[in-house]
Amino acid sequence: MPATVLLHPLIDHGIRKGADDFVGGTLVCHCLDKPVKVEIKGQVTHNHACGCTQCWKPEGAIVAIVAVAPTDHVSVVANGDKLAVLNPAATILRHACKVCGVHMHGPVEKDHGFRGLTFLHTELSREEGWQAPQFAAFVSSVIEGGVKPDRMGAVRARIRELGIEPYDCLSPTLMDMQSTFAAKKSGVLVE
Ligand SMILES: N[C@@H](CCC(=O)N[C@@H](CSCO)C(=O)NCC(=O)O)C(=O)O
Ligand SMILES: [Zn+2]
Ligand SMILES: [Zn+2]
């Protein structure tokens, strides 16, 4: 019998619903000494499993769980001196803890459909009630992370079994946001 596909500890036993009245929380990195803390005001949106190789995931996970919040709802409140931007040329400016390696926040600052949004990992917070993952993105990219191509049927089946849709890019809503931005920029779409 083929082994159960383990995607990420946060969803492997089922996806827990978020709370409608959730007010936010604080993300804490994995350092025991002087952890980096990032405060998020309010709920996140577009929470998703991401199969790409760029998003932070815990040891053994094959997908990340990553959501977005408006950048002005995100503040570094402790030990920000431990953060460094992994790739200044990337769309998502992933600020990682230089000691434990956890990605604490990833604002989009360049001219892009996601400008003004910050990508973050709600599992770094002790608070409960964050929005549940809504879909899985960049699923084919797990192959680049080391998953054998012949396991992809099982990976996608497990994602569907959890009640979310697997996509090989972002969700239709997020792809539409990017294309709307591009169409306005080129002048094809006039408001
Ligand atoms: N095959 C590549 C895909 C990397 C990628 O494009 N990742 C997406 C999703 S990240 C969160 O959903 C992306 O938008 N990246 C922008 C960025 O990383 O700045 C791979 O697996 O590496
Ligand atoms: Zn750390
Ligand atoms: Zn990703």
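Okay, let's start at cysteine 29, which sits in the loop between strand 1 and strand 2; strands here are DSSP E runs of at least two residues, helices are H or I runs of at least four, and both are numbered from the N terminus.

Quick housekeeping. This is a predicted model, where local features need pLDDT of at least 70, side-chain atom pairs count only at pLDDT 80 or more, and totals for chains, interfaces and linings use all residues. Residues are numbered from 1 along each chain as its sequence is written, chains are lettered from A and ligands numbered from 1 in the order written, and side-chain values use heavy atoms, with hydrogens and water left out.

Back to Cys29. Together with Cys31, Cys97 and Cys100, through their SG atoms, Cys29 coordinates the zinc ion (ligand 2) at 2.3 to 2.4 Å. Donors are N, O and S atoms within 2.8 Å of the metal, or 3.2 Å for Na, K and Ca, and since water is not among the atoms, sites may look incomplete. The angles among the 4 donor atoms run from 104 to 119°, and the site is tetrahedral; for four donors that label needs all angles between 85 and 135 degrees. For reference, the ideal tetrahedral angle is 109.5 degrees.

In sequence, the spacing for ligand 2 is C-x1-C-x65-C-x2-C. Cys31 is in the loop between strand 1 (24–28) and strand 2 (37–41), and Cys100 is in the loop between strand 7 (95–97) and strand 8 (103–107), so this pair ties together parts 69 residues apart in sequence.

UniProt, in an unreviewed entry, has a "binding site" feature at Cys29, Cys31, Cys97 and Cys100. They're spread over 72 residues of sequence, yet the largest C-alpha distance is 8.6 Å. Keep in mind that such annotations may be inferred rather than shown by experiment.

Now the other zinc ion, ligand 3. Cys50, Cys52 and Cys55 coordinate it through SG, at 2.2 to 2.3 Å, with the spacing C-x1-C-x2-C. Why is this one tetrahedral? Because its 4 donor atoms subtend angles of 95 to 127°.

Last stop, ligand 1. What surrounds it? There are 15 residues, the closest being His48, Thr53, Ile92, Arg94 and Glu144, counting anything with a heavy atom within 4 Å.

On polar contacts (N or O pairs within 3.5 Å), a ligand 1 oxygen is 2.8 Å from a side-chain N or O of His48. A polar side-chain atom of Thr53 comes to 2.5 Å from a ligand 1 oxygen, and for Ile92 a polar backbone atom is 2.8 Å from one.

Methods:
A polar contact is a pair of N or O atoms within 3.5 Å; within protein, one must be able to donate a hydrogen and the other to accept it, and residues adjacent in sequence count only if both atoms are side-chain atoms. Four donors count as tetrahedral if all angles lie between 85 and 135 degrees; four count as square planar and six as octahedral if opposite donors are over 155 degrees apart and all others between 65 and 115; anything else is irregular.
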